[in-house]
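Keep the viewer open as you read.

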Number of protein chains: 6
Amino acid sequence: MKELNKQITSDRFIGCDSDYQDADIVLFGAGFDGTTSYRPGARFGGKVIRAESYGLESYSPYLNKELTDIKVFDSGELELPFGNTEKTLLTIYKAQKQILNDNKIPVMLGGEHLVTLPAIEACSQKYPDLRLIHFDAHTDLRDEYLGEKLSHACVMRRCWEVLGDNRIYSFGVRSGTREEFEWGEKHIHLSKEYAMPTISSFLPNFTEGFDVVNSLGDNPVYLTIDIDVLDPSEFPATGTPEAGGVRFLELIQMIRYVCGANIVGADLVEYSHPYDTSGVCAATAGKVLRELLLSI
Amino acid sequence: MKELNKQITSDRFIGCDSDYQDADIVLFGAGFDGTTSYRPGARFGGKVIRAESYGLESYSPYLNKELTDIKVFDSGELELPFGNTEKTLLTIYKAQKQILNDNKIPVMLGGEHLVTLPAIEACSQKYPDLRLIHFDAHTDLRDEYLGEKLSHACVMRRCWEVLGDNRIYSFGVRSGTREEFEWGEKHIHLSKEYAMPTISSFLPNFTEGFDVVNSLGDNPVYLTIDIDVLDPSEFPATGTPEAGGVRFLELIQMIRYVCGANIVGADLVEYSHPYDTSGVCAATAGKVLRELLLSI
Amino acid sequence: MKELNKQITSDRFIGCDSDYQDADIVLFGAGFDGTTSYRPGARFGGKVIRAESYGLESYSPYLNKELTDIKVFDSGELELPFGNTEKTLLTIYKAQKQILNDNKIPVMLGGEHLVTLPAIEACSQKYPDLRLIHFDAHTDLRDEYLGEKLSHACVMRRCWEVLGDNRIYSFGVRSGTREEFEWGEKHIHLSKEYAMPTISSFLPNFTEGFDVVNSLGDNPVYLTIDIDVLDPSEFPATGTPEAGGVRFLELIQMIRYVCGANIVGADLVEYSHPYDTSGVCAATAGKVLRELLLSI
Amino acid sequence: MKELNKQITSDRFIGCDSDYQDADIVLFGAGFDGTTSYRPGARFGGKVIRAESYGLESYSPYLNKELTDIKVFDSGELELPFGNTEKTLLTIYKAQKQILNDNKIPVMLGGEHLVTLPAIEACSQKYPDLRLIHFDAHTDLRDEYLGEKLSHACVMRRCWEVLGDNRIYSFGVRSGTREEFEWGEKHIHLSKEYAMPTISSFLPNFTEGFDVVNSLGDNPVYLTIDIDVLDPSEFPATGTPEAGGVRFLELIQMIRYVCGANIVGADLVEYSHPYDTSGVCAATAGKVLRELLLSI
Amino acid sequence: MKELNKQITSDRFIGCDSDYQDADIVLFGAGFDGTTSYRPGARFGGKVIRAESYGLESYSPYLNKELTDIKVFDSGELELPFGNTEKTLLTIYKAQKQILNDNKIPVMLGGEHLVTLPAIEACSQKYPDLRLIHFDAHTDLRDEYLGEKLSHACVMRRCWEVLGDNRIYSFGVRSGTREEFEWGEKHIHLSKEYAMPTISSFLPNFTEGFDVVNSLGDNPVYLTIDIDVLDPSEFPATGTPEAGGVRFLELIQMIRYVCGANIVGADLVEYSHPYDTSGVCAATAGKVLRELLLSI
Amino acid sequence: MKELNKQITSDRFIGCDSDYQDADIVLFGAGFDGTTSYRPGARFGGKVIRAESYGLESYSPYLNKELTDIKVFDSGELELPFGNTEKTLLTIYKAQKQILNDNKIPVMLGGEHLVTLPAIEACSQKYPDLRLIHFDAHTDLRDEYLGEKLSHACVMRRCWEVLGDNRIYSFGVRSGTREEFEWGEKHIHLSKEYAMPTISSFLPNFTEGFDVVNSLGDNPVYLTIDIDVLDPSEFPATGTPEAGGVRFLELIQMIRYVCGANIVGADLVEYSHPYDTSGVCAATAGKVLRELLLSI
């Protein structure tokens, strides 16, 4: 029986029971959605994914691995100043920096996609050869959006300013302006499997990704997963849903493959709880996180 | 900065900024759902699809085309007399007639499927050789429904009375009475890809459609899309959802193929906003409309 | 016109209009969800599936058969004592027993999955060679759950105690503890098509099932369908949704194939109405039931 | 224990178990919402109120009476031709006529408010001195609405054409056009307690109604309750919610008082299930119906 | 800035930061809803009230007091065996017992109302003169419900068996069978302010309670608050909503008054999260709890 | 009949059809919610209130006035840079400034409450004697919130920095920290009618306001209405709902009374569409706006 005088801290992600000192991976939340242009709510992402994780198993049959067999510390949510984008990004940057300094792998739960920018800044300082693998429905390559440079719609453009040409690999993209697609073709690896499927192949898949991952060798890799890369039928609870996306099983197998590379950091962003009307997406996002943690 | 003394008319569908005079295509709404037998709400369809279209891009990577490069006038919603089916159909008929007289292509946003009938009547008067391509989960071939001839459940039967045998081509159908299927086999082209998939092919597709479209030659074609042709996992927000349907990417590629024919009119019907609990369907319907407008 | 002095009993499942005496199949509901650990609501399953069935057709194009051509009696819902698990299971056991004694095939609508246990007990007494075909997202093979042996999470383990080794065939499973998977490999036929798809086949399917069914010969078979075997994109309304599941068309074709065997009882469980936010799942569950009844 | 070979007809309203022959009151549903201009869904009203009534008690502490002590037959829902307003009204008229001819009191469950018109027509033929007591948030006194005379927005005007001046008494009204209010002052008794409360009395009540009821004497009275007379905080699930309304306890006490008059017919209309997101309104509407049946 | 290596335990109720040893009050959750007959979901009550409490202030202007000024330990949720009512009640009994033995005041978060029974059993053993003040919409005085004695619908009857005649004081009740009301008049103090308001006072209130509380003297008192005592307009998220209830300000002022007596234990039950569609009820329940803790 | 070649601009608030030049009042939207700490979504406020206003009447029986009789121009929504709080406030400031320079009365639709700050800055420059009447559930008097000075939780403190002591009059407040209440007593007029109702008066009201308004004389007054001043039973759709609030009829009568003063600007903020599950709040907010416009 539960001891009454112990407070059970049920708000860790399932199976993430390591201490900070022992941990190989540090999970933390960055619940910011201040630049979301369409449907806000990503701020609740990490919090809800943790709370609902008790409905999951800590064992993955896909990988035949257990979360309790690896060492993950769940640090909870960062405290972020609502309404101040620059100070928010700085707070995230410092957290990343510290985790990397302590030689642990940071895994961040968004929040909106702009939170990836300070993570990349911190990682690329430690790993100058950093590559960025990017799963997303959107290009996120605008130079500015409604006059702002610091916007979720510009995050890959900002990351490119940090990393330089040919360091970003985007998969699953199927929405953007003409200018974004044209710019992307010149400066990053922008997969067109989902944006321009041939008329003979109605249902595209991620196979292009295997070759890309193989080409990365031992280079350090950051993996950012905008959960809207999934088809909205499987994941409606996101800020800007785009039909014609990836299925869950494709995504987790791709994550498994990518994690064969030298992963030095990762994030999972854009789960928007207010639009999770059936509650399925919290469970699905939790499973993606479990597979990500077990694959690293 | 926005000029304060200008009212911004944000209720046009994104990128449909042409004048009526210049337009090649005229978009208008027919928000009627008076004969809906199960779950009403299609009346809000056009209005919501417009309002939510600002979350979309006007550029289609699928087609590499821009809505702002073509000429579409969005006329808004027709004013329809609630509760009077005959007068409603007459109002739609007159609108179609005028647009066709002005040598423009009408594209109608339902509303329930019965609104297609007056559109077909107007089109077939101008184009006596008219063919009708029909995407739907249902046969819609009843002779009457609960004693009524003017019902959404009878609309293809009524269109057949206008067009005659072998002029209607139905795809995606997977629900109807035995009598409807038997009647349909004799009088229209009724694809069985979804209604009777072979046991070896669990997941059917639209390939039969390519041959059909090729056979149409230069004949004038009207395209009616009942959005319930999509699988309810991708599109729950419709009056009578039927599992086992078409996926979004199949549908838009099929639309693209059909629009290689001589399209003289089109519609998109049966989006029912009250059942769009996650809001995804408004975005998906808007994308189908974008692809339709760009494909014509 | 309806005769005013007749009460129309609209709470039968569509097309199930036979008398008890004439019926070959007896449908009844067991609205129990007392051991549900995550999201309750399965208790409303049978009631809602019936009420929403008027939106379906009684004709199946998949099978080219009519419900009104077969003889099904719909007995409605059993009266069950809320909060008393043992008495509830006994009530279900007695109902099964009586139907089997009258040489009819029982088809039960859950409720949570534990209701399958008394059904198996009754069936195996009449048919000592009974086999159990099991569609589910979960192993359900725990020996106990939170100290309880009578739990939905243990139902297949309890059924194994009744039936013995190598009599249970589980398909679609993709979630469980490591111990459950290991135990399952030794004592039942546990398909890994969904739990461990190969990295080259992103999208698994049920094909393994064909061989299994062929091997059953004339042995009596009970078919239990936990509706969470479907992918949550197609069926979110269930207690513990698990991404990466089966599609509707796969399921109904598999049901059709399984029903080629000697079916002596069946059930459909775990539809949880409170999470059916768009109402699609009631229609989908009703279609699964229609196909099941027509396939037997 | 339930006898398996009996189908339990759970779709009667709780406690309404009389035969037609014995019944003093006949309850029936008129699930029509064809002229609803804003939010459709009233069609499901009667059906849902019945289905959810099992959560209520058949005993009213307010009245210290039991539904099982009085004789009510629940005839279920009329079959109405969707999309044909005139035929629908005729069907309702005939039903009313028959019940009145059999010397029983008809109580109708809407549906939208237009269903009251044929009920009044039938009643006034039997009772030429008929008075109409009307609880509603809206005047419903337009002469036509969007060109239509047969509209829910015109129903009191149409009833006035049947009944003549000074026969209609409206309570709870707080929305309408200026013309409707002006017309109403001349031709009916239009209470202004809710439309124009004095600035000193923030929270109006129904007290004016007592005097009115006392003045009716033995004249035959029909009572029509548009459930939107309730405040939307207590009853959001209606087509056109209007803040500033009546509270539940006020309404049922007023019903009790009105039923001291010579009631010859009654109805309860405009419960719109799709907007009953918390499910509370089905229970509340059921309670209003229970009090109405017990008060007559 | 947050220290990354500290896990923030955000799942305590706001301001309840005391140790067990120092605490005067011990808060714990009993998330059981196994006998709920209508709409389950009370199991999530305590968990959600805690999680959403961060949106509240710890300061009450009503009382001019701060939660951080008093000593409350939040022990989290008990682990309960789903589906086993008796073992669940025993677990709660033991927890109560221990807290009382340690001379602290237990405050329990339900769960359904049956959880009050073991709390009363434990309290009455320590305090043989125990009185029970009961806020509820329902009598809860059935001797059995569907054959069960251990049911939420019988909890006050069971408590009476523990406490004896004239020890229970029920307020806010407005629903029950005729037998329950008659039995209640003989054996407990059953306020009729809400069940039988006089026709002249449309809107009843709790004033009767003041006299009752004054009569209790120094006797030990347990306070049980079934949150459905509130009007469903203010609190829809409960298993069996009953219109015509109490307003929030009445309730918290009554709590304040009752807590002037010698409170030795308390609970707050029947918040059902799945029906809290707007999320308001979690905040309201949290405020009731804050006022309760500050008033004791 | 509608002329097809005219685009109907249905996105104005009902009855606001004046030109900018002729208008006495200019309505505009400031859809900013960047500092919202709890539940975002106020950004959609103005847009949805306009879209749903077609369900309202333009005539107010409360005031016996018509919107079409007064001159209001609806300028639509300002374009605001998501994620940049300072630039957003500047944009609002400039809009206010221009409207005031053109000698019109600005009425702003939020958005979160911080948008009131630039409005006050612009108004107080034109009217140095400006008073601020403030309806709200919250004090909004923090000096900073999570380190930020520009936060919705600090807006009244910031306005006080502009206006000085004893110029702000807050009504309906019932939530805040102890420090806020103490600070408020010294520097503003902070009504305690709702925060500390006497135990004898369960249901407080706004009567204190009459005296305050009378004391204002001819001084210029800005009226800011945080819609969460209403009770959450009447208005759940707001960021931080607080039970124990004001009723709709109280609010509109108070607005009417306040508008007897010399109103030079006003706003209505904090309607959060994503939490308007039944859609009632859009209608209620629209009615509050109608009464506000007609009262000025």
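Which residue of chain A forms a salt bridge with C:Glu242? The partner is A:Lys287, with the closest N and O atoms 2.6 Å apart. A salt bridge here is a side-chain nitrogen of Lys or Arg within 4 Å of a carboxyl oxygen of Asp or Glu.

Before going further, a word on the ground rules. This is a predicted model, in which local features need pLDDT of at least 70 and side-chain atom pairs count only at pLDDT 80 or more, while totals for chains, interfaces and linings use all residues. Residues are numbered from 1 along each chain as its sequence is written, chains are lettered from A and ligands numbered from 1 in the order in which they are written, and side-chain values use heavy atoms, with hydrogens and water left out.

Back to chains C and A. Across their interface the rule finds three salt bridges, and six residue pairs are in polar contact, both residues at pLDDT 80 or more. (A polar contact is a pair of N or O atoms within 3.5 Å; within protein, one must be able to donate a hydrogen and the other to accept it, and residues adjacent in sequence count only if both atoms are side-chain atoms.) On chain C, the side that touches chain A divides into 15 nonpolar, nine polar and seven charged residues. In that scheme Ala, Val, Leu, Ile, Met, Phe, Trp, Tyr, Cys and Pro are nonpolar, Asp, Glu, Lys and Arg are charged, and the others, Gly among them, are polar. Counting contacts (heavy atoms within 4.5 Å), 31 residues of chain C meet 30 residues of chain A. Together the two chains bury about 2,700 Å², 57% of it on carbon and sulfur atoms. Buried area is the accessible area (1.4 Å probe) that two parts lose on being put together, summed over both.

Now for the sheets. In chain A, eight strands form an open parallel sheet in the order β4-β1-β5-β10-β9-β6-β7-β8, where strands pair if DSSP finds at least two bridges between them. β4 (72-77) and β8 (189-190) of chain A are the edge strands, each pairing on one side only. Within this sheet, seven bridges join β9(A) to β10(A), and A:Thr224 stands opposite A:Asp267 in β10(A).

In chain B, β6 (131-135) and β7 pair in the parallel sense over four bridges, with B:Phe135 partnered by B:Phe171. Both faces of β7(B) are covered: B:Ile168 and B:Ser170 on one side, and B:Tyr169 and B:Phe171 on the other, are all buried (under 20% relative accessible area; exposed is over 50%, partly exposed in between, 1.4 Å probe, protein chains only).

How values were computed:
Helices (H or I, at least four residues) and strands (E, at least two) are DSSP runs, numbered from the N terminus.
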